[in-house]
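Trainee: I would like to go through this structure with you. Can we take the terms one by one?

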Amino acid sequence: MPSVRSTARRRGYALGALIAVPAVLIALGVWQAWPFLAVSMALGVPLGGLRGFVGASTVAALALVLAAGQSSDGAVLAGAWVAFLVVGLAVGVGSDARAKEVRRAAEQSLVDRLTGLHNYAYFVDALPRECQRARRHGSPLSLVIFDLDNFKAFNDRYGHDAGNRLLALVGQTLAAERRRSEIAVRYGGEEFALVVLGSAANALVAAERMRASVARLRVPVSGGEWAGTTMSAGAAAYDPRLDDETGAGMVEAADRALYASKHAGRDRVTLAPETRSLAA
């Protein structure tokens, strides 16, 4: 997605064109062509966005200047304006369409198609960013890693189609249960992760809520039956005194807590021992 800085830069270009084009026309002695350019710009914005604005105004200006140098006939000016306005709008619309396609492809590359959640590629960028923010502002940050219990056995018994349906439903559930400030991702396979912009206590509450919701899920399987499974989780808090800005230590702590949940009987959430002091 375009950043605030890049959007401001494009608006600056457009404003520059708005100021520079009439100045150039006046300097060249064809200032009377400005009304034509005003219409070009007015049409360029809604039809071609900022690129259409710049494209239409620029090519129309060049066309008018060239035409004015050849003839003072208004019909020539008008004809040149129409021809080059079409070219400018086409350039603007085409450029915007390509830019939107690039943004769409970039966004889709960071989304897991099966579950609809962000994917691991998104996670590895988002976690360091949140860690750096937590360190800079002294704000709490926590991580939960989830793993579906006995998922291989579920796949072996009911088939991969049923397994995919279950994964998709789990993803939908996590997306529905997460708070707006929380980042839910498909970590890989049957593993999921939740970045919580809060303390370990907040993470435990969120993880328990999601664990309970997943335990109630059922998907249709062969023979007209409905089946589901449970989910284990491990939670850890980011400690800027011990962890670096990548959050690698927090990931390892949450992963160890997850396996502690597995060994303790599954279908539960465990807080990493080394971060229990940060649970308040």
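Trainee: What makes Arg-129 partly exposed?

Mentor: Its relative accessible area is 37%. Buried means under 20%, exposed means over 50%, and partly exposed lies in between (1.4 Å probe, protein chains only). So Arg-129, at 37%, is partly exposed. Before we go on, some ground rules. This is a predicted model, where local features need pLDDT of at least 70 and side-chain atom pairs count only at pLDDT 80 or more, while totals for chains, interfaces and linings use all residues. Residues are numbered from 1 along each chain as its sequence is written, and side-chain values use heavy atoms, with hydrogens and water left out.

Trainee: Why is Glu-130 called buried?

Mentor: Its relative accessibility is 7%. That falls under the 20% limit, so Glu-130 counts as buried.

Trainee: What makes the contact of Glu-130 and Arg-129 a salt bridge?

Mentor: A salt bridge needs a side-chain nitrogen of Lys or Arg within 4 Å of a carboxyl oxygen of Asp or Glu. For Glu-130 and Arg-129, the N to O value is 4.0 Å. The structure holds 12 salt bridges.

Trainee: Which salt bridge ties together parts that are 32 residues apart in sequence?

Mentor: Glu-177 and Arg-209 meet in a salt bridge at 3.2 Å, N to O. Glu-177 lies in helix α6 (residues 160–177) and Arg-209 in helix α7 (residues 200–215), so the pair ties together parts that are 32 residues apart in sequence. Helices here are DSSP runs (H or I, at least four residues), numbered from the N terminus.

Trainee: What separates Glu-208 and Arg-211 in helix α7?

Mentor: About one helical turn, because they are three residues apart in that helix. Glu-208 forms a salt bridge with Arg-211, with the closest N and O atoms 3.0 Å apart. Glu-208 is partly exposed at 34%. Arg-211 is buried at 16%. Elsewhere, salt bridges that share partners join Arg-129, Glu-130 and Arg-133 into one network.

Trainee: How many aromatic pairs are there?

Mentor: Rings of Phe, Tyr and Trp (its six-membered ring) pair if their centres lie within 6.5 Å. The count comes to five aromatic pairs.

Trainee: Why is the pair of Phe-151 and Phe-154 called stacked?

Mentor: Planes under 30 degrees apart count as stacked, over 60 as edge-to-face and the rest as tilted. The ring centres of Phe-151 and Phe-154 are 6.3 Å apart and their planes are at 5 degrees, so the pair is stacked. Both residues, Phe-151 and Phe-154, are buried.

Terms used: Helix = DSSP H or I, 4+ residues; strand = E, 2+ residues; numbered from the N terminus.
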